[in-house]
Amino acid sequence: MGDVRGEDGQGQADRLQRARSYLHGADPVLARLIDERPDFDPRVWLAELPPMDLFRALLFQVTGQQLSVAATRRTIERIRALFGGDLPTPGQLLQADPGALRQAGLSGRKVATLRDLAERLSDGRLDVGVLSSLPDEELITALTAIPGIGPWTVQGAMILALGREDVVLPGDLALRKAVQLAYQITHRPSPDEVLAIAERWRPYRSLATSYLFSAALQPPRSPSAVPLEASEAEGGRR
């Protein structure tokens, strides 16, 4: 389990280089993706998102359930507008009119899920500090007890807010498409097949996942690149 948030820039760069070198030697497919993207930095896309603690990252993930990346970002911007340009704290979300949250683009089910999470964080049943220190599987177990929060939601938040290095999202449709493309699989791999492939990426599955997303969305113009069909580039999250 890794958490890189407290490291300085050089420490993060050194850690990233070690992870790249490991993945390059562990998987020939990733070696090709790494060679094709010598300047790739997985932190760049995170810098485009609003600052997120664990609650805000879970809010982001719940918002994105069953939505494309573009639709998720539009909804997030409308939610931020409700709270003065930032994502809400648990207390702020509980004070907000549920109808206004629905008008921003959240379904009634998502509003209920987020209010349940916010209530547990506000009344002490859950504590962000304790949650953030839990090992990955224990954190997933603690948060998936909330209706509407599944493993994919927690796994995404672990990357966004906690900088966990060994996270893979096997149920994510965009990742399954990216794996199919990069590994030239004739069928859409199941979550179990993605997990089997990802075993060789340990303990840097988060970085491997980032490379695969990058390859699917922005394939390099080179003879070694697998042609990308337009439908495969859609970033739908499931």
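Guide: A residue counts as buried when its relative accessible area is under 20%. Arginine 164, with a relative accessible area of 3%, is therefore buried. Please keep in mind that this is a predicted model.

Visitor: How many of the 238 residues, as a percentage, count as buried?

Guide: Of the 238 residues, 50% count as buried. As for contacts with a separation of 6 or more, 67% of them are made by residues 24 or more positions apart.

Visitor: Let us return to arginine 164. With which residue does arginine 164 form a salt bridge?

Guide: The general idea comes first. Side chains of opposite charge can pair when their charged atoms come close. In this structure, arginine 164 pairs with aspartate 136, and the closest N and O atoms are 2.5 Å apart. This pair links distant parts of the chain, 28 residues apart: arginine 164 is in the loop between helix 11 and helix 12 (173–182), and aspartate 136 is in helix 10 (residues 136–143).

Visitor: Is aspartate 136 buried or exposed?

Guide: Aspartate 136 has a relative accessible area of 15%, so it is buried. Elsewhere, salt bridges with shared partners join Asp166, Glu199, Arg202 and Arg205 into one network.

Visitor: How many salt bridges does the structure hold?

Guide: The structure holds 13 salt bridges. One of them joins the side chains of arginine 200 and aspartate 27, at 3.7 Å from N to O. These two residues are 173 residues apart, with arginine 200 in the loop between helix 13 (191–198) and helix 14 (205–217), and aspartate 27 in the loop between helix 1 (9–26) and helix 2 (28–36).

Visitor: Why does aspartate 27 count as buried?

Guide: Aspartate 27 counts as buried because its relative accessibility is 0%.

Visitor: Where do glutamate 77 and arginine 80 lie?

Guide: Both glutamate 77 and arginine 80 lie in helix 5 (residues 69–82), three residues apart, which is about one turn of the helix. Their side chains meet in a salt bridge of 3.2 Å, N to O. Glutamate 77 has a relative accessibility of 44%, so it counts as partly exposed.

Visitor: Let us turn to helix packing. At what angle do the axes of helix 4 and helix 11 cross?

Guide: One reads such a pair from the angle between the axes and from the residues that meet. The axes of helix 4 (residues 54–63) and helix 11 (residues 151–162) cross at roughly 135 degrees and come within 8 Å. The two helices are therefore oblique to each other, and their crossing is right-handed.

Visitor: Which residues in helix 4 meet helix 11?

Guide: Helix 4 contributes Leu54, Ala57, Leu58, Phe60, Gln61 and Val62; among the residues they meet in helix 11 are Trp152, Val154, Gly156 and Leu160. By class, this contact has eleven nonpolar, three polar and no charged residues.

Visitor: At what angle do helix 2 and helix 14 pack?

Guide: Helix 2 and helix 14 pack at about 65 degrees, with their axes 10 Å apart. Their crossing is left-handed. Leu30, Leu33 and Ile34 in helix 2 meet Ala208, Tyr211, Leu212 and Ala215 in helix 14. The classes here are seven nonpolar, no polar and no charged residues.

Visitor: Finally, consider single residues. Is leucine 114 buried or exposed?

Guide: Leucine 114 has a relative accessible area of 1%, so it is buried. It lies in helix 8. Neighbours within four places in sequence left aside, leucine 114 is in contact with Phe55, Leu58, Leu59, Val62, Leu93 and Leu106.

Visitor: Which helix holds arginine 120?

Guide: Arginine 120 lies in helix 8 (residues 108–122). Its relative accessible area is 18%, so arginine 120 is buried. Leaving aside neighbours within four places in sequence, arginine 120 is in contact with Arg125, Leu126, Ala145, Ile146 and Pro147.

Conventions:
Residues are numbered from 1 along each chain as its sequence is written. This is a predicted model: local features need pLDDT of at least 70, side-chain atom pairs count only at pLDDT 80 or more; totals for chains, interfaces and linings use all residues. Side-chain values use heavy atoms; hydrogens and water are left out. Helices (H or I, at least four residues) and strands (E, at least two) are DSSP runs, numbered from the N terminus. Buried means under 20% relative accessible area, exposed over 50%, partly exposed in between (1.4 Å probe, protein chains only). Contact means heavy atoms within 4.5 Å. Axes are lines fitted to C-alpha atoms, for helices over the stretch in contact, and angles run from 0 to 180 degrees between N-to-C directions. Angles under 35 degrees count as roughly parallel, over 145 as roughly antiparallel, 65 to 115 as roughly perpendicular and the rest as oblique. A crossing is left-handed if the near helix is turned anticlockwise from the far one by less than a right angle, and right-handed if clockwise. Ala, Val, Leu, Ile, Met, Phe, Trp, Tyr, Cys and Pro count as nonpolar, Asp, Glu, Lys and Arg as charged, and the others, Gly among them, as polar. A salt bridge is a side-chain nitrogen of Lys or Arg within 4 Å of a carboxyl oxygen of Asp or Glu.
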